[in-house]
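Please read it beside the sequence and the structure shown here.

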Amino acid sequence: MQGYAKMRFPPQYLEVLGDFIRRRLRLLEQAGRAASVTLPAWLSSRAACEFIDGAQMRTLLELCLLLAEPDRPASVQVLEHFPLTGHGALGMVAMTSPDLNAALDAALRFYPLVMPAYDIVREDSVAAVHLIIRPKVDFGPVGVFLTEMILGSINGIRRFLHQDVAMLEMHFAHANAFAVEAYQGFFGTARLLFGQPVTRLVIPKSSLSLSIATGNRSTQQQLEHQLLRQLYQLRQTQSLSAQLKHRIRDRLHSGATLTAEALAADLAVSGRTLNRRLAEEGVTFKDILGQERIDYAEFLLLGSQQPVARIAHAAGFGNESSFARAFKKLKGKTPTELRRLYEGSS
């Protein structure tokens with residue numbers, strides 16, 4: 001995983017998380033339990049900033065976790081005071097989308113602008129949409145806290161629907177530190193499952209057409225234009241390996257060829273240039289392609305009932321045995337073992 005220090009997060013997070021920290025400090029002082037916490041100078045500053053970096057984000061999360069009530073999930077406590085507008089223009093785009101499907105599409109397009117620490121991929125099965133969430137960086141002890149907040153934030157759009165989303169499922173790869181009931185106040189009717197093979201949000205396709213009460217197409221389009229400009233600027237500085245991952249995913253989903261030549265052409269570089277620039281980033285084409293193929297196969301294993309042999313072919317493997325070896329090397333289990341584990345925990 002890459003480091004988080006150079007990542008950029010929206011300045012709104014400083015405001016929202018900082019307010020939670022100061023509010024908890026005041027409550028502790030009023031209760032005669034003043035916490036021995038020294039706030040960093042940049043948290044006390046009211047000066048406007050363009051962004052906060054990954055180190056500052058981690059400090060904010062650590063302070064929230066330290067000061068939260070010990071008998072409730074910290075993620076729930078912060079989310080209760082975290083408006084959708086806390087995600088800036090992206091939150092407003094979600095609120096003004098015409099329906100749930102449009103809001104999810106916006107979240108998937110623009111999430112790198114607000115949460116660069118995660119990869120979020122949409123996969124569709126026959127009856128449901130799966131939003132698979134994978135961390136790109138290791139935030140240490142606060143990583144679980146942040147992951148719960150990410151899923152909770154996406155789930156927060158249901159509050160603007162004309163009716164609650166039925167049978168929504170939230171799968172967490174980590175174990176729960178609190179009873180599932182402790183999450184229900186904020187997470188609503190969602191079915192929460194912990195200790196799962198992957199972290200993901202599962203939404204029935206029948207719910208995608210649900211309209212959003214605050215939808216306004218004109219406002220949504222204006223905000224999307226703003227976000228598209230920001231996204232273009234971000235991609236100008238995005239690493240070639242990150243761009244390559246997106247191209248591989250697109251080709252896996254469409255069943256297109258996965259040769260180095262075809263992918264280099266997608267990125268408008270020669271094969272030699274692709275390999276050289278990847279080497280400069282400390283990665284290889286072979287390793288990136290292998291990881292993306294296995295990740296795609298993992299989704300098919302957990303999100304469909306397709307036979308393992310068919311999944312191996314869809315992921316670009318010539319036969320089931322080579323697929324099983326590659327899968328176990330990266331995931332620690334064979335495809336069959338992972339599927340049995342998931343079915344036994346559901």
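**Sheet, helix packing and cavities**

Five strands form an open sheet in the order β3-β4-β7-β5-β6, with mixed pairing. The model is predicted: local features need pLDDT of at least 70, side-chain atom pairs count only at pLDDT 80 or more, and totals for chains, interfaces and linings use all residues. Residues are numbered from 1 along each chain as its sequence is written, and side-chain values use heavy atoms, with hydrogens and water left out.

**The sheet**

- Strands (E, at least two residues) and helices (H or I, at least four) are DSSP runs numbered from the N terminus, and two strands pair if DSSP finds at least two bridges between them.
- The edges are held by β3 (118-124) and β6 (191-193); each has a single partner strand, so one side of each lacks a neighbour in the sheet.
- On average, neighbouring strands of this sheet are turned by 15° against each other, direction ignored.
- Strands β5 (residues 169-171) and β7 (residues 199-204) run antiparallel and are joined by three bridges.
- His171 stands opposite Arg200 in β7.
- Helix α7 (residues 143-155) lies across β3, β4 (128-135), β5 and β7, at about 45° to β3; contact means heavy atoms within 4.5 Å.

**Helices α13 and α15**

- Helix α13 (residues 285-303) packs with helix α15 (residues 320-331) at an angle of about 95°, their axes 10 Å apart.
- That makes α13 roughly perpendicular to α15, a term for angles of 65 to 115 degrees.
- Axes are lines fitted to C-alpha atoms, for helices over the stretch in contact, and angles run from 0 to 180 degrees between N-to-C directions.
- On the α13 side, Gly290, Gln291, Ile294, Asp295, Ala297, Glu298 and Leu301 meet Phe323, Ala326, Phe327, Leu330 and Lys331 of α15.
- The residues of this contact divide into seven nonpolar, two polar and three charged.

**Cavities**

- There are two cavities of 30 Å³ or more, a cavity being a set of points on a 1 Å grid where a 1.4 Å probe fits but cannot get out.
- The largest cavity has a volume of about 360 Å³, taken as the space filled by probe spheres set on the points.
- Its lining (residues with an atom within 4 Å of a point) has 22 residues, of which His87, Leu90, Val114, Ser153 and Ile154 lie nearest the centre.
- Two or more lining residues come from each of α1 (11-30), α5 (89-96), α6 (100-110) and α7.
- Helix α7 gives the largest share of this lining, five residues.
- By class, the lining of the largest cavity has 19 nonpolar, three polar and no charged residues.

Technical notes: Angles under 35 degrees count as roughly parallel, over 145 as roughly antiparallel, 65 to 115 as roughly perpendicular and the rest as oblique. Ala, Val, Leu, Ile, Met, Phe, Trp, Tyr, Cys and Pro count as nonpolar, Asp, Glu, Lys and Arg as charged, and the others, Gly among them, as polar. On a 1 Å grid over the protein atoms alone, a cavity is a set of points where a 1.4 Å probe fits but cannot get out, and a pocket is an open set with protein on both sides within 12 Å along at least five of seven lines; lining residues have an atom within 4 Å of a point.
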